[in-house]
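Here's a quick briefing to read with the model open beside you. Start with the sheet, then move on to the ligand.

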Amino acid sequence: MRGSGRDAGVGVVLSDTAVLIPALNEELALPEVLRALPRTSLHTIVVVDNGSTDRTAEVARALGALVVEERRPGYGSACLAGIRHLAAHASPPGVLVFMDADHPEDARHLEELLAPVDAGADLVLGARLQEDGGTGNVHLHARWGNRLVLGMLALLWGRRFVDLAPFRAIRFDRLIALQMDDTDWGWTLQMQVRALQRGLKTVEILVPHHPRAVGESKISGSWRTSLRVGAKMFYTLARERARGGPAR
Ligand SMILES: Nc1nc2c(ncn2[C@@H]2O[C@H](COP(=O)(O)OP(=O)(O)O)[C@@H](O)[C@H]2O)c(=O)[nH]1
Ligand SMILES: [Mg+2]
């Protein structure tokens with residue numbers, strides 16, 4: 001975190017915080033998320049449009065977001081494009097928040113996510129608390145798949161996480177140092193593993209989560225994609241283990 005008035009609390013962190021939203025065909029869901037964000041007090045809101053065939057980019061621009069176009073497909077590719085854009089900024093943000101395009105309640109919990117950063121955390125995960133009291137993905141098959149992956153992560157690296165939460169805040173300099181390079185569904189997992197390997201102070205908080213109200217689920221709503229995501233997660237665990245993570 002930069003800035004002189006750090007002790008003033010989360011208000012200061014907001015002005016130093018950028019939000020990155022990877023989006024694929026989210027013209028219906030994006031408006032509520034963008035409206036729920038405190039636009040004027042944030043550093044930047046970047047929507048990375050990943051080849052949408054609908055009006056995602058126009059909708060995002062109309063609501064004051066900066067749109068970065070990324071043609072290479074994949075959630076991680078979109079995140080990397082947004083990070084490159086922010087890193088090239090004359091004054092890069094101190095904190096970056098990742099957020100999906102379909103959960104306005106995440107936007108409403110932004111300050112809660114940032115509070116631990118303000119208190120010294122490097123990475124804060126907004127673990128999804130479902131209406132049924134469970135944690136993780138809204139779809140049960142994906143929830144159990146994630147648990148299996150997180151169980152293996154715990155065996156390999158000794159930390160038990162509640163969720164592979166897409167809603168997360170990380171100090172920007174720490175993120176750059178992680179040398180992230182996953183281009184699709186291994187993104188969230190790679191970040192958690194590398195945060196452990198690098199000794200980042202990582203905190204999980206619970207954030208209420210509801211099924212998306214509009215638009216279509218592109219990932220866990222489809223069994224086919226879920227299986228591909230699951231395979232990619234296991235591959236990511238093996239790859240990160242073999243790589244040993246970036247040098248400290
Ligand atoms: N960049 C990028 N983003 C994607 C892709 N597929 C989904 N997303 C975004 O990732 C987030 C989660 O996707 P979603 O469809 O809600 O999946 P679900 O939460 O598993 O149902 C949303 O912001 C999507 O717009 C993709 O192929 N590329
Ligand atoms: Mg979703």
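In what order do the seven strands of the open sheet come? They run β3-β2-β1-β4-β6-β5-β7, with mixed pairing. Keep in mind that this is a predicted model, where local features need pLDDT of at least 70, side-chain atom pairs count only at pLDDT 80 or more, and totals for chains, interfaces and linings use all residues. Residues are numbered from 1 along each chain as its sequence is written, while chains are lettered from A and ligands numbered from 1 in the order in which they are written.

**The sheet as a whole**
- The edges belong to β3 (66–69) and β7 (202–208); each has a single partner strand, so one side of each has no neighbour in the sheet.
- From one strand to the next, the twist averages 20°.
- A word on terms: strands (E, at least two residues) and helices (H or I, at least four) are DSSP runs numbered from the N terminus, and two strands pair if DSSP finds at least two bridges between them.

**Around β1 and β2**
- β1 (residues 17–23) runs parallel to β4 (residues 95–98), and four bridges join them; here Val19 has Val97 of β4 as its bridge partner.
- β1 also runs parallel to β2, this time with six bridges, and Val19 stands opposite Ile45 in β2.
- To get from β1 to β2, the chain goes through helix α2 (residues 30–36) in a right-handed β-α-β crossover (clockwise from the first strand over the helix to the second, with the strands pointing away from the viewer).
- β2 is largely enclosed by the rest of the structure, because five of its six residues are buried (20 or more other C-beta atoms within 10 Å of a residue's own, with C-beta atoms placed from the backbone).

**On to β3, and the helix across**
- β2 and β3 pair in the parallel sense over four bridges, with Val67 of β3 as the bridge partner of Val47.
- The chain passes from β2 to β3 through helix α3 (residues 56–62), again in a right-handed β-α-β crossover.
- Helix α4 (residues 75–87) lies across β1, β2 (44–49), β3 and β4, at about 140° to β2 (axes are lines fitted to C-alpha atoms, and angles run from 0 to 180 degrees between N-to-C directions).

**Ligand 1**
- Its shell holds 18 residues, the closest being Asn50, Ala78, Ser217, Ile219 and Ser220 (C-beta atom within 6 Å of the molecule).
- β1 and α4 each supply at least two residues of that shell.
- By type, the shell residues are eight nonpolar, five polar and five charged (Asp, Glu, Lys and Arg count as charged; Ala, Val, Leu, Ile, Met, Phe, Trp, Tyr, Cys and Pro as nonpolar; the others as polar).

Technical notes:
Two residues are in contact if their C-beta atoms, placed from the backbone, lie within 7 Å. A residue is buried if 20 or more other C-beta atoms lie within 10 Å of its own, exposed if 12 or fewer, and partly exposed in between; C-beta atoms are placed from the backbone.
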